[in-house]
Amino acid sequence: MLEQIEHLQSLHRLDGETALERQLALHLQAKVMLAGNDPGGAYAVLQQILADEQAPVPVLLYNVLHDMEQCCKALDDYKGAYEHALHKLSVHQRLLTERTV
């Protein structure tokens, strides 16, 4: 899987001109770190996405929260994993609501 993610990252030259490009580039970086068994580093990168002055689009936010939950589990931070899971569920509900409206 790590090779697939690294290949994907090399195919997409995200220059970070927009908030979405910057956030996607960070997310790919975190995915590589997570696949490389560096959950602490991946978590720090994912936090940068949430700290961005422009909020990530809901679908990206959902995926970031999922990855943060996985990082917390790998770090034996089950309270953090639970909190991210709850936030992820609220984003999921919002996505479902927006889809039906």
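Which residues make a nonpolar surface patch of about 310 Å²? In this predicted model, the patch is made by Leu20, Leu24, Val57 and Val59. Leu20 sits in helix 2. With a relative accessible area of 40%, Leu20 counts as partly exposed, because that value falls between the 20% and 50% cut-offs.

Now for the inside. The largest nonpolar core has 16 residues, and Leu46, Val64 and Met68 have the most contacts inside it.

Helix 4 gives the largest share, seven residues. As background, nonpolar side chains tend to be buried together in soluble globular proteins.

As for spacing, an α-helix has 3.6 residues a turn, so residues three or four places apart point the same way.

Val64 is a handy one to click on: leaving out residues up to four places away in sequence, Val64 touches His27, Leu46, Ile49 and Leu50.

The geometry of helix 4 checks out too. At 1.5 Å a residue, its 17 residues should span 24 Å, and the end C-alpha atoms are 24 Å apart, so the two agree. After helix 4 comes Asp76, with a positive phi near 60°.

Note on methods: Residues are numbered from 1 along each chain as its sequence is written. This is a predicted model: local features need pLDDT of at least 70, side-chain atom pairs count only at pLDDT 80 or more; totals for chains, interfaces and linings use all residues. Side-chain values use heavy atoms; hydrogens and water are left out. A nonpolar core is a set of buried Ala, Val, Leu, Ile, Met, Phe, Trp, Tyr and Cys residues joined through side-chain atoms within 4.5 Å. Buried means under 20% relative accessible area, exposed over 50%, partly exposed in between (1.4 Å probe, protein chains only). Helices (H or I, at least four residues) and strands (E, at least two) are DSSP runs, numbered from the N terminus. Contact means heavy atoms within 4.5 Å. The expected span of a helix is 1.5 Å times one less than its number of residues. Patches are made of residues with over 30% relative accessible area and no salt bridge: like charges are joined within 9 Å, nonpolar side chains (Val, Leu, Ile, Met, Phe, Trp, Tyr) within 5 Å. Accessible areas come from the Shrake-Rupley method with a 1.4 Å probe; for residues, only the protein chains shown count as cover. A salt bridge is a side-chain nitrogen of Lys or Arg within 4 Å of a carboxyl oxygen of Asp or Glu.
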